[in-house]
Amino acid sequence: MTREGLYIQLFSIHGLIRGDNPELGRDADTGGQVQYVLELARHLGRQPGVKQVDLVTRLIDDKSVSSDYARPVEELGKKSRIVRIRCGGRKYIRKEKLWPSLDEMVDKTLKFIKREGWIPDIFHGHYPDGGYVAKELAAGFNAPFVFTGHSLGRNKKAKLLHEGMGEEEINRHYRMDTRIAVEEEIIAFADQIITSTNQEIEDQYGLYDNYRKGSYTVIPPGIDVETFFPYYNYELDPEEMSDEARQTRVALLHELHRFWNNPDKPFILALSRPDQRKNISGLIAAYGGDKELQALANLAVFAGIRLDIEQMEENERQVLTNMLLKMDYYDLYGRLAIPKKHDFATEVPELYRLCAASRGVFVNPALVEPFGITLIEASCCGLPIVATNDGGPRDIVGNCKNGILVDAGNPDEIAAALKKILIEPETWDQYSNNGIKGVHRYYSWQAHCEATLEEFGKLFPGKKFSSEQPVESGEQIPFGQRLTGVERLLITDIDNTLLGDRASLEKLIELLDRHSSSLAWGVATGRSLELTMEVITEHDIPNPDILICSVGATIYYGPDLRVDKGWQQHISYQWHPDRIKEVLGDLPFLEFQPAEGQHHFKISFLMDNKSGHIEKVEKRLREARLNCEIIYSHGRFLDILPHRASKGKAIKYLQYKWNIPVNHVMVAGDSGNDEDMLRSGPCALVVGNHSEELSHLEGRRKIYFSKREYAAGIIDGLRHYGFL
Ligand code: GLC
Ligand code: MG
């Protein structure tokens, strides 16, 4: 079967995600982002250029939450579904506690992909946890990695510090250092970063060391314009109102009228999670401090779903308690409604329309608002808005001219803006109409998806999306597809292992070709990529599936030699090449190898085999606190590598990443720079012509010393371990 179009995987790991009636506002992890990714998945799935969208999230099998979150797959539409992957145990835990489990998520998603037999064209991570998982997978498949932050750690940290929280507590509670470090990596690595606003790029990404390495594009979030249709549709055609909408209205009015003495006045509406940052108390102060405003309109504050304030988390409890105290302080009984429960998905659009029909105003008093999706929804229903002069609202009001921006820290300004709109009917009409028109133009999911697909398309110059198309003979299979398909892997050194005897090499090549559907193979060599390709061409060896070059400093995948970016990222940790050269530079017995022996992640020397030399090198590096891998081979080559790199470590990384069991990988070598990979797994092979420096390994279990030389030794090993 051939499926044209993009296969997109979205990653949104934390919170509670379900397609049917999502519990938005239930806790700090289940808010705007959950709604955003659900809509994105649904709407992308409706685009003609897309063949499949998976929204990958965590599988939660916990009695304290609905069993809906334990379903491995949930359909969202014909071409979109939620895929739930188990990681970090069964319990529902807050996002800050998920960091240690993300590698498990990567691993299990890889398994899922392997099982489905179908590789995504694009990995799109949301929030740094989803970003991390998408980044790792994209590196594995060498596919594009796209990132949407939703919020970033550096800003949050600055805010928390400002609020008086200590650095240590911030790290303990929010795992802030981990988050920021991951965000730095993501920014440097992402092929495209999607932001909701312009301000987000400068004010948020701008705080990162890797800011300039990032590639950014603004695509404002979309909303479902069919759900958030204008309030006046009912006035134009009363038939428009469904029974369900009618019931919702009655329920809402019933709820609101319990609080208000004069229910016929317009009302001011605020809607948010109970979070300090949403500045609900600032709004109540603005309203409570202005008698004229109270005379003009009632106020309704919907602050999430609350069951029992006493059992809530600290932040939420404080916000709600504060709200009740302020209500009492300003004596707002009869004017302020603080309904206890609201069912976001079905009631909210009706609530906006009800408010618009009363000729009310929607207000978002948050001090910082990077996003502001409720402002867009409210506008789409025809509500004028008052919002903080910050990121999201600035773009929204700039695009739509649908309301007034205020300094949300200043209650008088909030009150003045509300009054202006309530008092001037022309202003109200203008903002209302502009909002409806502007949202359709700038903020519908259709507009969002079109812009997103255009960006995605740029990441595949000239590619046709048909990863399921049968591979025509002569055509090379993309490495990701190949490596998820094979069962076993052979990794062999080149010089004096693969090469040395022409006749047995030809036999080996023929064997590898015959078993290619189950056995992939690669080389692991001290040579640079250039020198490796030179020798491969010279000896007429077919392109390997994997090339581990420069003693494990780099990994490439055939046939088009794509570099494994994830590996480079991984080994760059604590690597200071300039310092190393400085520290070792004046040792008289060291001679730098020529340029072709050097690589950013490999510093190589020639060095005599005299006793004490290696120890001196080790001592120098240790004293300078430079933690690296030191490899000596053939009695003359000295390679200094990052301490996370070596042939053996590169192989371990490949096993992990491609989910190949250790006993399905055979390694073959002949000399000292092969030692760590020979020791790393259960199926090691040393050729008969090996150099003296490996003799001490003889007699070890799991290391088979063949009597045969060169490629004949490899063939002997493949038979010995039952790989053929
Ligand atoms: C290859 C490389 C050289 C390295 C040696 C040992 O000969 O070209 O740079 O030092 O292998 O790993
Ligand atoms: Mg060798």
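This is a predicted model: local features need pLDDT of at least 70, side-chain atom pairs count only at pLDDT 80 or more; totals for chains, interfaces and linings use all residues.
**First stop: H24 and H25**

Select residues 577-584, which form helix H24, and residues 613-623, which form helix H25. The two pack with their axes 10 Å apart, at an angle of about 125°. H24 and H25 are therefore oblique to each other. Turn the view to see how they cross: the crossing is right-handed.

**Second stop: H3 and H6**

Now select helix H3, residues 127-141, together with helix H6, residues 176-189. Here the angle is about 45°, and the axes lie 10 Å apart. That angle makes H3 oblique to H6. The crossing of H3 and H6 is left-handed.

Which side chains place a polar atom beside an oxygen atom of ligand 1? Pick out these residues, among them:

- Gln-593, with a polar side-chain atom 2.5 Å from a ligand 1 oxygen
- Asp-639, with a polar side-chain atom 2.6 Å from an oxygen atom of ligand 1
- Lys-602, where a side-chain N or O atom is 2.7 Å from a ligand 1 oxygen

Finally, show the surface around ligand 1. On its own, ligand 1 has 310 Å² of accessible area, and the protein covers 86% of that.

How values were computed
Residues are numbered from 1 along each chain as its sequence is written. Chains are lettered from A and ligands numbered from 1 in the order in which they are written. Side-chain values use heavy atoms; hydrogens and water are left out. A polar contact is a pair of N or O atoms within 3.5 Å; within protein, one must be able to donate a hydrogen and the other to accept it, and residues adjacent in sequence count only if both atoms are side-chain atoms. Accessible areas come from the Shrake-Rupley method with a 1.4 Å probe; for residues, only the protein chains shown count as cover. Axes are lines fitted to C-alpha atoms, for helices over the stretch in contact, and angles run from 0 to 180 degrees between N-to-C directions. Helices (H or I, at least four residues) and strands (E, at least two) are DSSP runs, numbered from the N terminus. Angles under 35 degrees count as roughly parallel, over 145 as roughly antiparallel, 65 to 115 as roughly perpendicular and the rest as oblique. A crossing is left-handed if the near helix is turned anticlockwise from the far one by less than a right angle, and right-handed if clockwise.
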